[in-house]
Amino acid sequence: MRVELQNISKRFGSVQANDQVSLLVEAGTIHGLLGENGAGKSTLVKVLSGFISRDSGAVLLDEKSVEIKTPANAIAAGIGMLHQDPLDFPPLSVLDNFMVGKTGTGFIDRGRSLRQLQQLAAHFNFNLNGYETVNNLTVGERQQLELLRLLSLGVSTLILDEPTTGISASQKTALFEAVKQLAAQGKSIIFVSHKLEDVEELCDRVTVLRHGKVIGRAEIPCPDAVLIEMMFGRELALPLKPQTRQSEAALQLEKIRVDTDRLSLHLGDLTVYKGEVIGLAGLEGSGQELLLLLCAGLLHSASGQMVINGMEMTHKPYQEYLDRGIGYLPADRLKEGLVSGLSIHEHVALRTPARSFFVDWKETLKQTVQAIAIFNIRGKPNTPVERLSGGNQQRTQLALLPVPLNLLLMEHPTRGLDIESVLWVWQQLIARCQTGTTILFMSSDLDEIMRYSDRVIVFSGGQASRPIAVADLTVDRLGELIGGRLSDTMEPLAIS
Ligand SMILES: Nc1ncnc2c1ncn2[C@@H]1O[C@H](COP(=O)(O)OP(=O)(O)OP(=O)(O)O)[C@@H](O)[C@H]1O
């Protein structure tokens, strides 16, 4: 199906999110939509998929004007969207989720739906069990399920909003294979992404948005520098991470065991040094999150000892961790890091230690204005955090970190951020390391782990490898280590 958006405009209060945006996607092609955080990409695809109503402009499918006011209208018109955070029902089974949205002659045939699910899954090489609860699936598997559901509803235009964030390398390969197959069958695909390597691999052409307007279009292949110049209006330089000398210990762990309902984490002896950056690699749920939560004081160990900056911290209350300058940056910015409904100013007030019973709103407003300027946040003191774009939410989280910061624990620090924000975030973090902050971070982006870590620990099923110097690794080797069994490939950091 040929999809055309003509002069779409959409305003949110004072923000012109889309300003006369036009986009043409020919049937059988994959069209990339690029742009910095807040450029207006999600707004545009939400207009097309019926989640947002436009102020003006037109949508044409196969050259006929259509009115799309709801997601159901969009599905009826053959347009489906795969959201970055799957919009499914986690307590229900895979099959129940697959059947959502199916309308028929009164009752739905579960047996037939199951067969359809199995056929589609086999066709795309997805490993989905209809009776599994969606809660137990990885983000990648939930995405596969949603893709099959949309296909079973007969969509001929598929929108993918940053689909490679949070999925494993093999899931990405399977997804890309499926998307290429769908395009070859004549479906039109819109691919929203920040990752230029993904765009290069998948797309036929791209449209670049900046400040709500179309800034340019390009055929792929196209040099990264040209796309970056279009997205940001300038060239970007990679921040360099100087090598850290291993002198003073910042974090010492001894024979740690952490037990949760899902997983037990076993760690042997580990020393991390002041100013060091340790990358935690592994499939999601392999234990790296538990290590971060333990070091942040948000989870207690069942056994073992933890010393941070020379202080015994095992089983100390959370407030002590805050007092010692230990910061934690969760991956889910809006659920765990920030409080939806509160403004940037209210967050700064919450973070500021109270000198009296009353909040000093004048003083905290001054601090907020300063933080907005220093961290280059696109928002006003009274902007509710959920209205900020992903990159600006991350800048706000960073602005709220304690000073001084001795130990920083981060889950996916740059997930969903545009390239400029990624570089900016790491510039700030490297500067912090040079003043003695130690960083432990987990990421599914192996390039990020290789680029910024001094040493890498690979996790698998609750076990961790000994730290490996990045100089002794390549991205491919790291991928192999993540995919393999620890005992086969490297020395584990397990309790002896
Ligand atoms: N519901 C909303 N209410 C108010 N402002 C909004 C709303 N949704 C988006 N905006 C604003 O519209 C602008 C465009 O946002 P949009 O989410 O479309 O950008 P994006 O290119 O998808 O960004 P990102 O890459 O960070 O997801 C931003 O300034 C954002 O803050």
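**Exercise 1. Sort the residues of the shell around the ligand into nonpolar, polar and charged.**

Solution. The shell divides into five nonpolar, nine polar and three charged residues. Here Ala, Val, Leu, Ile, Met, Phe, Trp, Tyr, Cys and Pro count as nonpolar, Asp, Glu, Lys and Arg as charged, and the others, Gly among them, as polar.

Before going on, note that this is a predicted model: local features need pLDDT of at least 70, side-chain atom pairs count only at pLDDT 80 or more, and totals for chains, interfaces and linings use all residues. Residues are numbered from 1 along each chain as its sequence is written.

**Exercise 2. Find where the ligand lies relative to the two domains.**

Solution. Start with the domains: domain 1 covers 3-232 and domain 2 covers 249-489, with bounds from an automatic or database domain assignment. Next, look at the ligand, which 17 residues surround (C-beta atom, placed from the backbone, within 6 Å of it). The closest are Phe-12, Asn-37, Ser-42, Thr-43 and Ser-389.

**Exercise 3. Describe how domain 1 and domain 2 meet.**

Solution. First, take the C-alpha centres of the two domains, which lie 31 Å apart. Then turn to the contacts: 13 residues of domain 1 touch 16 residues of domain 2, where contact means C-beta atoms, placed from the backbone, within 7 Å. On the domain 1 side, these residues divide into three nonpolar, eight polar and two charged.

Notes. Two residues are in contact if their C-beta atoms, placed from the backbone, lie within 7 Å.
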